[in-house]
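Colleague: Please show me the structure, and then let us discuss it by question and answer.

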Amino acid sequence: MKKFLVASLILALFFVSCGTKRNTTLKNPNGRPNSSASSSSSSSSNKGTSTSGLDYIDRYKGIAIEEMNKYGIPASIKLAQALLESGNGNSYLATRANNHFGIKCGGTWNGKSVNRPDDTNNDCFRVYNDPEQSFRDHSQFLLRKRYENLFTLKKDDYKGWAKGLKAAGYATNPRYPELLIDLIERYNLQQYDRAEAPVEVIARVEKVEEVIEEKEVEEPQVPVEEIKKPVAMLIYEVKATDTMYSIARKYNVTVETIKQLNGLSSDAVTVGQLLVVSK
């Protein structure tokens, strides 16, 4: 299996390298987006960012990049998932348990825990010493057979990762990939992702496969769902006649709840914008 994956990766990298000139990075050497990236950025920049979201990203981008360089999980993906799961760091689990990804107590966890309503009224969630430990444990959570194929993707392929997480069962909502991509492009999180040379990719994939194989032997056979329920958030696409208030009324939530779930500081919405309205 290991040799097959590495061989497939080498072939994929060969064909990708042939199109390098066509698939340039999002930024030029001066750090400014090229014309195609400017168009994408322009289309998403009007969806709004929030100060709390920007502060959150500034605080945790370092640990996200560190984990990306170890295992290949794009920093943009980790930050976008953390923003969603923790409500920009404002959720109960984030503030009281340093748990920024909602990971439950299953598997080999024997540390502190806290009970909160989720699948049942008394589900067990992990308590971390600090938020950085939560970010590292999120990487360990993904280092399982279920997500193995994701690690063959380039670590700057945030779109591939967003779609792959959904395909592997991380989220049940069919719009989850679009929501992650929307957040990444709204906050320009892709700027923290780093491309790899082919030889670096192969070395990283081999390292990740060894870790996954070791974990499979050492950890008890616990279904992923018992460790953490796949994200089942309800996502709404804004229509021309919608306002933040009308959307809140439609789903029987407050405007402030929607703003917090989506990291927004204003009530403004735009047509086609994806909003989390319930988790």
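This is a predicted model: local features need pLDDT of at least 70, side-chain atom pairs count only at pLDDT 80 or more; totals for chains, interfaces and linings use all residues.

Modeller: Residues are numbered from 1 along each chain as its sequence is written, and side-chain values use heavy atoms, with hydrogens and water left out.

Colleague: In which sense do strands β1 and β2 pair?

Modeller: Helices (H or I, at least four residues) and strands (E, at least two) are DSSP runs, numbered from the N terminus, and two strands pair if DSSP finds at least two bridges between them. Strand β1 covers residues 113-116 and strand β2 covers residues 123-126. With 6 residues between them, β1 and β2 form a hairpin. Over 4 bridges, the sense of their pairing is antiparallel.

Colleague: Which residue in β2 is the bridge partner of R116?

Modeller: The pairing of β1 with β2 comprises 4 bridges. In β2, the partner of R116 is D123.

Colleague: What is the handedness of the disulfide of C105 and C124?

Modeller: The structure holds 1 disulfide (a pair of cysteine sulfur atoms within 2.5 Å). C105 is joined to C124, with an S to S distance of 2.0 Å. This pair links distant parts of the chain, 19 residues apart: C105 lies in the loop between α5 (92-97) and β1, and C124 in strand β2. The torsion about the S-S bond is about -75°, so the disulfide is left-handed.

Colleague: Is C124 buried, partly exposed or exposed?

Modeller: Buried means under 20% relative accessible area, exposed over 50%, and partly exposed in between (1.4 Å probe, protein chains only). C105, at 15%, counts as buried. Because its relative accessibility is 28%, C124 counts as partly exposed.

Colleague: How are α7 and α8 oriented to each other, roughly parallel or roughly antiparallel?

Modeller: Axes are lines fitted to C-alpha atoms, for helices over the stretch in contact, and angles run from 0 to 180 degrees between N-to-C directions. Helix α7 (residues 158-167) and helix α8 (residues 176-186) pack at about 150°, with axes 8 Å apart. Angles under 35 degrees count as roughly parallel, over 145 as roughly antiparallel, 65 to 115 as roughly perpendicular and the rest as oblique. The two helices, α7 and α8, are therefore roughly antiparallel.

Colleague: How far apart in space are K163 and I181, C-alpha to C-alpha?

Modeller: K163 is found in helix α7 and is exposed, with a relative accessible area of 53%. In sequence, K163 and I181 are 18 residues apart. Their C-alpha to C-alpha distance is 9.3 Å.
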